[in-house]
Amino acid sequence: MEEEEPFKVTVMSDNSYENLVAEVKFTSKEVGLILSQEKSFDQIDISVFSFVECGRDKFLDTENVPDICIKLDVFLAAIDEAVQRLRLLDVPR
């Protein structure tokens with residue numbers, strides 16, 4: 001049986017950003033990343049988003065921590081792939 005990839009990277013245009021962004025979705029988790037080059041081609045900014053709902057007065061419901069914890073090597077591999085794809089597909093300014 002083939003093992004599912006731990007993340008999926010999509011490089012796309014988004015109305016909220018002037019330049020291309022890379023979206024990283026971790027397939028078995030309720031968390032993702034947006035990598036953007038809004039400041040410059042060489043400076044990548046990362047935004048973390050979560051699908052886990054929490055109360056207004058809490059940063060995170062601790063019952064949901066396993067849903068967003070990601071192994072460091074998987075996290076770094078996802079970021080590396082997203083950066084490489086952004087740099088290959090975007091035109092330097």
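Q: What makes up the secondary structure of the protein, and how do you know what counts as a helix or a strand?
A: The secondary structure of the protein comes to two helices and four strands, where helices (H or I, at least four residues) and strands (E, at least two) are DSSP runs numbered from the N terminus. Read along the sequence, these elements follow the pattern β-β-β-β-α-α. The model is predicted, so local features need pLDDT of at least 70 and side-chain atom pairs count only at pLDDT 80 or more, while totals for chains, interfaces and linings use all residues. Residues are numbered from 1 along each chain as its sequence is written, and side-chain values use heavy atoms, with hydrogens and water left out.

Q: Why is I70 called partly exposed?
A: The relative accessibility of I70 is 24%, and a residue is buried under 20% relative accessible area, exposed over 50%, and partly exposed in between (1.4 Å probe, protein chains only). Because 24% falls in between those limits, I70 counts as partly exposed.

Q: Where is I70 placed, and which residues is I70 in contact with, leaving aside its neighbours within four places in sequence?
A: I70 lies in the loop between helix 1 (65-68) and helix 2 (72-89). With those neighbours within four places in sequence left aside, I70 is in contact (heavy atoms within 4.5 Å) with F26, K29, V31 and F75. For one of these residues, V31, which is 39 residues from I70 along the chain, the C-alpha atoms of the pair are separated by 8.9 Å.

Q: Why is strand 3 described as largely enclosed by the rest of the structure?
A: Strand 3 covers residues 31-40, and seven of its 10 residues are buried, so the strand is largely enclosed by the rest of the structure. For the protein as a whole, buried residues make up 28% of the 93 residues.

Q: What joins strand 3 to strand 4?
A: Seven bridges join strand 3 to strand 4 (residues 43-50), and the two run antiparallel.

Key
Two strands pair if DSSP finds at least two bridges between them.
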